[in-house]
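I opened the notebook to look up how the parts of this model meet, first within one chain and then between chains. The entries follow in the order in which I made them.

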Amino acid sequence: MFVREKLVRLVVSFVLLFLLSVSFSAVLQSKEPLTFAIGSVSWREPKEESVFFQEWQKRTGVRIKLIKMDSSAINEKINTMLASGDLPDIMSCTRTIANDYGPQGAFIPINKYFDKAPNLKKYFDVKKNPWLYGPDGNIYILTATWPYLAWGWVWNKKWADKLGVSAPKTIDDWVTVWEKVKASDPKAIPLGTQGTGLLYQFFFPTWWGITSEGLVMERGNLRDPWLTPEMKGLITFLHDIYDKKLLYQEFLTATNETFYSLIAQGKVFSIVHYKGVPYLQAKAPQDVVNALETLPPPKGPYGKSGCDWMGPTSWWGISITSKCKDIDSAVKFLDYLFSKEGTYLYYLGVKGVTYEIAKDGTIRFTQKVIDEAKKANMDLDTYLVTNYGINLIFINIPPLDPKLHILHAKAYGQPENYLKGLLIVAKNLAKYRPPIWLTAEEQKRVNSIMSNISTYREEWVSKFILGKEPLTKWDEFISGLKKMGAEEVEQLYNKGYERYLKTVGKPKGYVPPIKYDLTGLDKIVGLSK
Amino acid sequence: MRNIRYWWDKNFWPNRYLFLMFLPGLLYFIIFCYIPMGGIIIAFKDYSPWIGILKSPWVGLKHFQDFFSSPYAWRLIRNTLLLNIYGLIFGFPIPIIFALLLNELASEWYKKMVQTLTYFPYFLSMPIVAGLVIQLLSPSSGIINIILVKWFGREPIYFLTKPEYFRTIYISANVWRSMGYSAIIYLAALTGIDPTLYEAAIIDGANRWQRVRFITLPGLTPTITILLILSMGSILSVGIDLILLLYNPMTYETADVIGTFVYRRGIAGIGGAPDLGLGTAVGLFQSVVGLVTIMLVNSIARRISETSLW
C-alpha cells in the first residue's frame, strides 16, 4: 500500500516535471531568433559571432540569425525574396524598393511603432528629418544621415607658395590662380577632375549654394536649375576654363588610375574630386600627399558657396518586413542603433575593450586592438571589421554626423591635412533641397521623363563644355528639355513639396534646417592651437 | 498503339543510352528556356515582384509605347543595328581568314604559338580591354597620338570623345579580343576536310591558292553559313559591357544602344529600382526581330545553298 503510494507520487512528479519542461521549452522556442538578411561584401563581411552582433543582441535582449546577401547580386536577391514571399524578419533594403513595395504591403510602416522606440521617434521627427519619409508619409525603411564628406577644393600648397599666390576666395580668384599656373608651366594641369558629375558636385553649390541633388527655390516654388539663366552662366564658365586648358583636358574619359597617377606625379595643381588623401596615400609620394590642402569653397558669381555632400538620406537602410514574427522586438532591436550607445557600438565597438575617449573628446582605439592588428599584419580598419564587426557597410544606420565622422577618421590615424579638410567641408555644407513627398505613381512618371532628360542633358553639356556645340545653341537645348517634360517634372516636384508642407503645417518656401554640432573639433584636428 | 510499340522496339530501346545522354539537354531547354517564356507577360504588366506576375495589373502596350516614344528610340535601334552590321562585315570574315592563314602554316611550333597568342586576349576581362583602349587612345600619353604627333606632325586627336571613331574603336577592340577564340571553330572544321582531296588536287596540279579556293573554302562553307545565320538572331542585341566602359556623353550619338538604354533606365537610372516591365518589353522586341531575321536569312540560305538551320 505504502509502496504503491510512493510509486504513484513518483510517477505524478515525473509527469509534472515532464509537463513543466515541455512548456518551458515551448516558451523558449517561441523566442526563436529573428532572421536578419544583411548585405555583405567580401572585405566587410558581417559575422554573427563578432563582438558587434553579440553585444547588440546582449544589450537589447533580442536574438537574431544573420542571412548574408552578397552585394554583387543584392537587388536580384531582394527581388527573388519579394517574389517568393519568403521574407526574413529584418532586411537590408534600398529606399526605392522599400518605398515601392512598402505601400503594397511587403514592409511595415515603422512609424506606427514609434511609441515603443524612443530613439527612432526622436530621430525620425517629421519636422527635423522629413527627407527620411516615404512618399505616403510613412517610414518603410530606416535610413540615416550619412553625410559623406567629399574632399572639397584641394590645392597643392607647396606649388602655390612657390608661385606666391594666396588662397583664392572667389571663383574668379581661382581662375586667376589657374591662369598663373598655366603661364608658369604650360604642361601643368591647373584643375583636375574626372567626369561631368564631379563638375556638378563642386560647381553646383558654388553657383546656387545648394547640393547637386539640387532644386532651387524661386518665390516659394521649386525650380529646376537647368531651366534658369544662371545655368547657362555655369556651363559657359566651364567651357571657358576648358577652352583655356585650365581644366584637365581628358576629364571625360580618364580612369581613376590615370587621374590619380597624374596627381601622384605632381602634375595637378588643384583638384575637385570625391576621393581623398587616404585613397592617394598608398599611391603617391609622401611630399605630394602632404602638400595637398583643402580650402574653403569659393564664393560663386552670385555670392553663394558650399560643399556638396550626400544629404540626409542614404540609399541603403534596414526594413522590417510584413512577415516579421515579432515586430516589437525587431523595432526594439533597431531602435538601439539610433541611441548614442548604439551608434558608438556600431562605429567603435565596446568602450574599454576596443576604444577609449580622452578628456578632450578625442576617440582612440585601445592599444590592445592596435597591437592585435599589427600582429595580424592588417591595417586597423580591416582588422576591426573582420574581427570585431566594427563599421560594417550596408547597414548605413546608425546616423554618422560630421563630428563623429571626423573623430572616427582621427581614431583610424588619418593624416592631419585630411582631417582638416573634412572639418572645412563639414563647416561649409551646402544647403539641402526641400523634402518632396511624391506618390509612387508620380515617382514613376518622374523616372520615366528623367531617364530621357538625363541622357539629353549629359550629351549637350559635354558638347558645350568641350566646344563641340556653340553656346549660342543654348535656347535650342532648353526647348528640347521642355519638350521632354522638364516642366512637368518641376510641377510634380512642387506637388510633392506641397504635400509635405501640408503634413507639417508649414508655409511655402520652408525648408527644415540641418545643423550639426562641430564644437571642439578645431582643436582636435589642429585647425586652431 | 502498334506504332508506339514499334518505335519503342526499333528506335528507343536500341538507342536508349543515346536518349539518356540527350535527356539533360532537353531538360535544360525545358527548364531554362521554355518555362521562363511565360514570364514574357511581364512586358504587358506593371510588374511588382511582391504582388507576383499573375496578379500584377495589366498595362497593355505601355512599356512598348514608353520605349518607342522615347526621342532616342530610333537612334538606339540605328546604333545597335549598325554596330552589328559593321561587326558582321569586319568582324565575321577576320577569324575565317585567320584560320585559313593558320592552316597554311607549315611550322607546327609557330602555328601553336600564334594561336595561343591570339587566343589569349579572350581571357582578359572587359574592363582590362577598355583600360588598354583608353590608354592607347589617350590624347596626351597614348601611343597612337604620340605617333600622330611625332611622326606625322598632326594635332593629337581625342578619339574617345569623337562619335565618328566610336564604331571603329569598338569593333577593332572586339575583333582583337575574340579573333583567336572565334577561329577555333573554323580550325576544327578544317580538320574535318578529307586530306585525300588535297592529295588528289596536288596530283591534278592545283597550286596553293587553288587548293584553298576549291577545297578548303567549300569545306568551310556549311560552318560559315550556320554561324552567319545564328549571328542574325542577335541582330538587335549587342554586348554592352565594352560600350558602357568606353562611351561617354560625347559619343552617345553613335555609341548609345538599346542595351545601354535599358541599363541606364533599369539599373543605373534615377530611382534605382529596376524597371523589369520595360526591360522585358525591349527584350521581347529584340527577340522578335531576331527571330524574323533568322527565319528570313535561313530561307534565303536554303534557297541559294544546301546548308541551312532547318
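I began with the interface of domain 1 and domain 2 of chain A, where the rule finds two residue pairs in polar contact, both at pLDDT 80 or more; a polar contact is a pair of N or O atoms within 3.5 Å, where within protein one must be able to donate a hydrogen and the other to accept it, and residues adjacent in sequence count only if both atoms are side-chain atoms. On the side of domain 1 of chain A that touches domain 2, I noted five nonpolar residues, two polar and one charged, with Ala, Val, Leu, Ile, Met, Phe, Trp, Tyr, Cys and Pro taken as nonpolar, Asp, Glu, Lys and Arg as charged, and the others, Gly among them, as polar. Between these two domains of chain A the count of salt bridges is zero, a salt bridge being a side-chain nitrogen of Lys or Arg within 4 Å of a carboxyl oxygen of Asp or Glu.

This is a predicted model, in which local features need pLDDT of at least 70 and side-chain atom pairs count only at pLDDT 80 or more, while totals for chains, interfaces and linings use all residues. Residues are numbered from 1 along each chain as its sequence is written, chains are lettered from A and ligands numbered from 1 in the order in which they are written, and side-chain values use heavy atoms, with hydrogens and water left out.

I then looked up the bounds: domain 1 of chain A is 31-145 + 315-320 + 327-343, and domain 2 is 151-308 + 432-504, as given by an automatic or database domain assignment. Their centres, taken over C-alpha atoms, are 34 Å apart. The two domains of chain A bury about 800 Å² between them, 69% of it on carbon and sulfur atoms, where buried area is the accessible area (1.4 Å probe) that two parts lose on being put together, summed over both. In domain 1 of chain A, P130(A), W131(A) and P135(A) lose the most area to domain 2, together 58% of what that side buries.

Turning to the two chains, I found 38 residues of chain A in contact (heavy atoms within 4.5 Å) with 34 residues of chain B. About 3,000 Å² is buried between chain A and chain B, with 58% from carbon and sulfur atoms. E250(A), T253(A) and E459(A) supply 19% of the area that chain A buries against chain B, more than any other three residues.

Which residues did I find for a salt bridge with a distance of 3.3 Å, N to O? The side chains of K444(A) and D46(B) meet there, and the interface of chain A and chain B has three salt bridges.
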